[in-house]
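Please examine the sequence and the three-dimensional structure shown below.

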Amino acid sequence: MANFSVSGLDEFMLSMQQVAELPESVIEDMLKAGADVAAEAQRKEAAVVLRGPYATGETALSIKKGRVKLHKDGYRVIYVTPTGTRKRGKQKISKTRNAEIAFVNEFGVPHRGIPARPFISVANEKSAAATTAAQAAVFNKFLESKNL
């Protein structure tokens, strides 16, 4: 009769359980690493696309990652958005959010003759592989800490 013996199966099962129960800190670090790459890509693309007589560079400089938040459906998210406001107009009285300016540039306003100049979606597409690689590096570091 044949014998079958396994050595180290208990440790392997424990390691796989630890991977399945990924710590919140690792998830947050993965999100932050991806957001860093995406934010930098959006800033660079904005600097290239948003040029012209009214360009100040403020929109590009305002793009930042936010904090990791718990979504209402239970998963964690992080947003990369233009932040802050700036004074607009000749008297510099009214304030406009940088996110509004980015939205108008991204999608345009056809009835006002403002063409779309997408920079956020283009940057996200261009940086998708790098964003995923940054997140994978954090995950691989976690796996190596578990000797996997």
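In this predicted model, Arg76 and Glu28 form a salt bridge whose closest N and O atoms are 3.8 Å apart. Arg76 belongs to strand E3 (residues 76–77) and Glu28 to helix H2, so the pair ties together parts that are 48 residues apart in sequence. The relative accessibility of Arg76 is 25%, and Arg76 therefore counts as partly exposed. Glu28 is likewise partly exposed, with a relative accessible area of 24%. The pair is part of a network of salt bridges that links Glu24, Glu28 and Arg76. In general terms, side chains of opposite charge can pair when their charged atoms come close.

Lys65 forms a salt bridge with Asp36, with 2.8 Å between the closest N and O atoms. This pair links distant parts of the chain, since Lys65 is in strand E1 (residues 63–65) and Asp36 is in helix H2, 29 residues apart. Lys65 is partly exposed at 33% relative accessibility, and Asp36 is partly exposed at 42%.

Another salt bridge joins the side chains of Lys126 and Glu45, at 3.1 Å from N to O. Because Lys126 lies in helix H5 (residues 120–126) and Glu45 in helix H2, this pair ties together parts that are 81 residues apart in sequence. Are the two partners, Lys126 and Glu45, buried or exposed? Lys126 is exposed, with a relative accessible area of 61%, whereas Glu45 has a relative accessibility of 13% and so counts as buried, the cut-off being under 20%. The count of salt bridges comes to seven.

Helix H2, which comprises residues 24–49, also contains Gln42. The relative accessible area of Gln42 is 2%, which means that this residue is buried. Which residues does Gln42 touch, not counting those up to four places away in sequence? The contacts are with Ile63, Val80, Phe119, Ile120, Ala123 and Asn124.

Attention now turns to the aromatic side chains. A search of the whole structure finds two aromatic pairs. In one of them, Phe103 and Phe107 are tilted, with 4.8 Å from centre to centre and 50° between the planes. Both residues lie in helix H4 (residues 98–107), four residues apart, or about one turn of the helix. An α-helix has 3.6 residues a turn, so residues three or four places apart point the same way. Phe103 is exposed, with a relative accessible area of 52%, and Phe107 is exposed with a relative accessible area of 52%.

Phe139 and Phe142 form an aromatic pair that is also tilted, at 6.4 Å centre to centre and with 35° between the planes. These two residues are three residues apart in helix H6, about one turn of the helix. Phe139 is partly exposed at 24% relative accessibility, whereas Phe142, at 8%, counts as buried. The buried residues of H6 are Thr131, Ala134, Phe142 and Leu143.

The length of helix H6 can be checked against its residue count. At 1.5 Å a residue, the 18 residues of this helix (residues 128–145) should span 26 Å, and the end C-alpha atoms are 26 Å apart, which agrees. Just after H6, Asn147 adopts a positive phi of about 60°.

Key: Residues numbered from 1 in each chain as written. Predicted model: local features only at pLDDT ≥ 70, side-chain atom pairs only at ≥ 80, totals over all residues. Heavy atoms only, no water. Buried < 20%, exposed > 50% of the residue type's maximum accessible area, 1.4 Å probe, protein only. Contact = heavy atoms within 4.5 Å. Expected span 1.5 Å × (residues − 1). Salt bridge = Lys/Arg side-chain N within 4 Å of Asp/Glu carboxyl O. Phe/Tyr/Trp six-rings, centres within 6.5 Å; stacked < 30°, edge-to-face > 60°.
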